[in-house]
Amino acid sequence: MNEYLTLSNLTKIFNSSQQNEVVALDQFNLTIKKGEFVTLLGPSGCGKTTALRIIAGFEIPTSGEIYIDNQNVANLTPDKRNTAMVFQNYALFPHLTVYENIAYGLKVRKKPRDVIRNDVAMACQVVNMVGLEGRYPGELSGGQQQRVALARALVLKPKMILFDEPLSNLDLKLRLQTRIEIKRVQQMLGITVLYVTHDQSEALSMSDKIILMNHGKVVQSGVPEEIYNNPINTFVADFIGSANFISAIADEIEGERITVRVGGRIFVVKQKNSEDQYEEGDEIYLSIKPEAIDICKEPTDFIGIVEIKFFLGSYTEYKLEFEGSFINVYQSNRGENIKIYKPGDRVYLRFNHDLFSIYKK
Ligand SMILES: Nc1ncnc2c1ncn2[C@@H]1O[C@H](COP(=O)(O)OP(=O)(O)O)[C@@H](O)[C@H]1O
Ligand SMILES: [Mg+2]
């Protein structure tokens, strides 16, 4: 078996008082293969940090099992679990230099001095911090501090690194750079990663597999493309990709092809999730991703009215009124003839039906 981490029916109930129980994890299941980069994605409070803390051994589960490298770790203290954690706030010692911060864990483990020197130098090289070993955390940028935190984890040669929203404190540009940095190091060293974020673009861009969570449970898991293109319910469609939900009626059902009525308009949608059964006349949500809609110059049967325009450089985001609903549309600013419309303009719309999904109301 090449599964490196298995969580089996993991449940964690916090009871600050008997009446006030919080179910942070609810029969949570997960497997990660060796060398895989898996992301827990979900809204604040859905149990992501709790899952990491239980895996690392800082918290005891109420029930369920954890296997690391096929060993039940219930009775192993954190230092015996071969994992390292990287936090949002870096958690560096402010009074220690970069070198001393990275060396700290090795000193605690009473490694010989030359081993420490060698391993710290290696770790500094991996995260591109050579030359800055003598600085204090206060003399570093946020991105550099997070690279020190990563080096401090790497130097212990863990089999798995647990990242808890490591980029949340960085500004956008550094966040994008540090994303690439983490990915590069992970691939170079073949480390198994469990990464936690509430940021969908981070999850989509970095992960081999995404586990989307809500209320301590897995809602959907799969490769990023699968989760993005085939969200199983409105929670996923809304969380990933900011879909437009339009109230509609199922008009005609022929196997997987469902004719859907929106106001006076008809769309034919291929049903992606075979679990839901529809009947003619059902009230449903039609989910249309912003990039599935094109504003075009040639007349079409579909007309929208511009309500709000946001020019964002590489693309323009519009909020349009369409058949009594409001929809968001993204228009790439590629090409010479891209016209920017203004509030009140009537525009012709073209839809890419392949990107439509429908859900039960
Ligand atoms: N030590 C604790 N005592 C009581 N409740 C907690 C404790 N830690 C977390 N919780 C609760 O458990 C739920 C999950 O929290 P957490 O795992 O931190 O979520 P996330 O990291 O996804 O934001 C939340 O409702 C939170 O308030
Ligand atoms: Mg958290």
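**Figure 1. Two parallel strands meet at Asp164.** In strand β8, Val196 is the bridge partner of Asp164. Strand β7 (residues 160–164) and strand β8 (residues 192–197) run parallel and are joined by 5 bridges. Here, strands (E, at least two residues) and helices (H or I, at least four residues) are DSSP runs, numbered from the N terminus. Two strands count as paired if DSSP finds at least two bridges between them. This is a predicted model, in which local features need pLDDT of at least 70 and side-chain atom pairs count only at pLDDT 80 or more, while totals for chains, interfaces and linings use all residues. Residues are numbered from 1 along each chain as its sequence is written, and chains are lettered from A and ligands numbered from 1 in the order in which they are written.

**Figure 2. A six-stranded sheet with mixed pairing.** Now follow the strands across an open sheet of 6, in the order β6-β7-β8-β3-β9-β10. At the edges stand β6 (83–86) and β10 (217–222); each has a single partner strand, so one side of each is left without a neighbour in the sheet. From one strand to the next, the twist averages 20°. Axes for such angles are lines fitted to C-alpha atoms, for helices over the stretch in contact, and the angles run from 0 to 180 degrees between N-to-C directions.

**Figure 3. Strand β1 and its antiparallel partners.** Strand β1 (residues 3–15) is joined by 9 bridges to strand β2 (residues 21–33), and the two run antiparallel. Look for Glu3, which stands opposite Lys33 in β2. Strand β4 (residues 63–68) also runs antiparallel to β1, with 5 bridges joining them. In β4, Glu65 is the bridge partner of Ser8.

Figure 4. Let's step back for a moment. The protein chain is divided into domain 1 (3–234) and domain 2 (242–360), with bounds that come from an automatic or database domain assignment. The contact between them takes 5 residues from domain 1 and 6 residues from domain 2; two residues are in contact if their C-beta atoms, placed from the backbone, lie within 7 Å. The C-alpha centres of the two domains lie 38 Å apart. Along its principal axes, the C-alpha trace of the chain spans about 75 × 50 × 40 Å. The chain has 8 helices and 20 strands.

**Figure 5. The largest nonpolar core.** This core has 89 residues, of which Ile102, Leu150, Ala151, Ile161, Leu194 and Leu286 touch the most other members. A nonpolar core is a set of buried Ala, Val, Leu, Ile, Met, Phe, Trp, Tyr and Cys residues joined through C-beta atoms within 7 Å. Helix α4 (residues 142–154) gives the most to this core, with 6 residues. The core draws at least three residues from each of domain 1 and domain 2. Zoom in on Ala151: leaving aside its neighbours within four places in sequence, its contacts are Ile102, Ala123, Cys124, Val126, Val127 and Met129. In soluble globular proteins, nonpolar side chains tend to be buried together.

**Figure 6. A five-stranded antiparallel sheet.** Here 5 strands form an open sheet in the order β15-β19-β16-β17-β18, with antiparallel pairing. Strands β15 (293–296) and β18 are at the edges, each with a single partner strand, so one side of each is left without a neighbour in the sheet. The twist averages 45° from one strand to the next. Strand β16 (residues 302–311) pairs with strand β19 (residues 346–351) in the antiparallel sense over 4 bridges, and Ile303 stands opposite Tyr348 in β19.

**Figure 7. The hairpin of β17 and β18.** Strand β17 (residues 315–322) runs antiparallel to β18, and 8 bridges join them. Thr316 stands opposite Gln331 in β18. The two strands form a hairpin with 2 residues between them, and Glu323 in the turn has a positive phi of about 50°.

Figure 8. Val329 is found in strand β18 (residues 325–332). Val329 is buried, with 25 other C-beta atoms within 10 Å; a residue is buried if 20 or more other C-beta atoms, placed from the backbone, lie within 10 Å of its own, exposed if 12 or fewer, and partly exposed in between. Apart from its neighbours within four places in sequence, Val329 is in contact with Pro290, Ile293, Ile295, Tyr318 and Leu320. Lys319 is 10 residues from Val329 in sequence and 6.4 Å away in space, C-alpha to C-alpha.
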